[in-house]
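Dear colleague,

Please find the structure below, handed over for your study.

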Amino acid sequence: MGTFLQLVVDGLSTGSIYAALALAIVLVNQATGLINFAQGGMAVLSAYIAYVLVQWGLPLLLAILITILLSFVFGAVVERTLVRRFERGDPDTAVVATIGILTLVTGICAWLWGYNNHQFPSLFPLSSFNFLGAVISWRSLGTFLVIVAIMVVLQLLFMKTKLGLALRAVATNPESSAFSGLPVGRLLMVGWGLAASLGAVAGTLVAPQLTLTPGMLDTALIYALAAVILGGLTSPVGAVVGAWLIGILENLAAVYVSFIGYDLKVAVPFILILVILIFRPQGLLGRKVVARV
Amino acid sequence: MALLELVDVTAAYGPVQVLDGISLEVPEGGAVGILGANGAGKTTTLRAISGTVRAGGTITFDGRSIRGIGPERVAALGIAHVPEGRGTLTQLSVRENLLVGAYLRKDRKAIPSDIDYCLELFPQLKNRIASSAAALSGGEQQMLAVARAFMAKPRLLLLDEASLGLAPGTARTVYQAIGRLRQESGIAMLIVEQNANLAFSLVDTATVLETGRNALTGTSAELKGMDEIRRAYLGG
């Protein structure tokens, strides 16, 4: 029982890392209708900015808050200057453009700060406590709680606020939204800005655990995409639950399914994606996108 | 003075000239039809007004030029465009579509009663209020599109082919409701319609377009049954 609980707790801990990125992907998708592959890269850049601010002697929390603001501006600028050129065209083109941005941003990080690992300070204490026989680190608990809080805020933003409604309307049909007077361009910028801010939270939250490198979130991005497919592209709650499930199942499979073990556990999320795409393509908690032809 | 006035409006898609000098007027509270065959420039005329296509000439609304100011600002001035193909926000619920329609309104307290009014005007939407707009039938989507435009409380409604793809009975129902909306709200309307009979059930005057020009303009009574109408439609 102790082992099982420990595996679940560790799974939730790594799952929360995937969840942070998955939330940012859902946010951009809900606000612009795109899948943004650059999300991971932008989150890493944010983490580097926070790192530099801490090097300058700023307290960590202040550095993170400033980074969140700067990232909002950066996300909005990326949308305005780069992504907007592709928004009127084929969505697939825009998605490819985000892959280009990912490569560019990762390259810039490597150029400025090199490929060596940097230690990033943690907001939460590194000690742990015992709970029903499982060892839980304060850092994992802190990450977990921050993710839950963001998830709730996003869900409320999208479902209960006028801004959320406007963001979703523009993502669904920008031209038609303009007919109702929605400031389409500004809303798309806000959507990207919010997603970049969220990326900054994700990046600074996981950097202590993963140590800061330009490719820090490459793997996490793949898991985050898996989580989003699993939980549903339209649902913040679904994305987080999906990320936790992946984290937990991956750990359990490694220990309890002998032929998977630690070597093959990376395959678990992909098997899950396959099963989900076959049986429930809208994801566990997502809404089905119906289109009449 | 007319609420909306177009003088010598031109528009082109790349090298293809679509509007070659269109003129028309919509009086305050009036209903004007734009008739014509496919490719005559009816939809483009509406798009020129709402700012979704670059246009030349003069377009004035309530005495001020609105040419080139962009769809969002045109909407803010009180022009609601119900586009061809309805422009339904498919991933939003019916209620959310209506709320998006009311996005610019300052009188938030009046919005629930206006939603109720829409549901009374289009009772079919009542049971679907919480369902995704994508799940609606073509007729229901058209009703939703009109209702959403009404939620903006516009002074002018641009209505593009509201009967397109609908069964004749459904198209009549939609037009009857639009007629009632016109009577009760006094919103001026500029209506593009292929089906001349449906158009004449609603409009006071109409202009017939032929390859981007006004071929003929007159009152409904004058135009009804004229040979030119038939010719314009059949392209003969």
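In which sense do strand 3 and strand 9 of chain B pair, and over how many bridges? The model is a predicted one, and in it strand 3 (residues 31-36) and strand 9 (residues 205-210) of chain B run parallel, joined over five bridges. Within this pair, B:Gly33 has B:Ala206 of strand 9 as its bridge partner. As background, strands of a sheet pair through backbone hydrogen bonds, either parallel or antiparallel.

Both strands belong to an open sheet of six strands in chain B, with the order 6-7-8-3-9-10 and mixed pairing. Strand 6 (79-82) and strand 10 (213-219) of chain B form the edges; each has a single partner strand, so one side of each lacks a neighbour in the sheet. From one strand to the next, the twist averages 15°. Helix 1 (residues 42-50) of chain B lies across strands 3, 6, 7, 8 and 9 of that chain, and runs at about 145° to strand 7 (156-160).

Chain A has twelve helices and two strands. Its radius of gyration is 19 Å, close to the 19 Å given by the globule rule for 293 residues, so chain A is as compact as a globular protein of that length. Of these 293 residues, 49% count as buried.

Finally, the two chains touch: 21 residues of chain A and 25 residues of chain B take part in the contact. On the chain A side, helix 6 (162-172) and helix 7 (174-179) each supply at least two residues. The residues of that side comprise eleven nonpolar, six polar and four charged.

Definitions and conventions: Residues are numbered from 1 along each chain as its sequence is written. Chains are lettered from A and ligands numbered from 1 in the order in which they are written. This is a predicted model: local features need pLDDT of at least 70, side-chain atom pairs count only at pLDDT 80 or more; totals for chains, interfaces and linings use all residues. Two residues are in contact if their C-beta atoms, placed from the backbone, lie within 7 Å. Helices (H or I, at least four residues) and strands (E, at least two) are DSSP runs, numbered from the N terminus. Ala, Val, Leu, Ile, Met, Phe, Trp, Tyr, Cys and Pro count as nonpolar, Asp, Glu, Lys and Arg as charged, and the others, Gly among them, as polar. Two strands pair if DSSP finds at least two bridges between them. Axes are lines fitted to C-alpha atoms, for helices over the stretch in contact, and angles run from 0 to 180 degrees between N-to-C directions. The radius of gyration is taken over C-alpha atoms; the globule rule is 2.2 Å times the number of residues to the power 0.38. A residue is buried if 20 or more other C-beta atoms lie within 10 Å of its own, exposed if 12 or fewer, and partly exposed in between; C-beta atoms are placed from the backbone.
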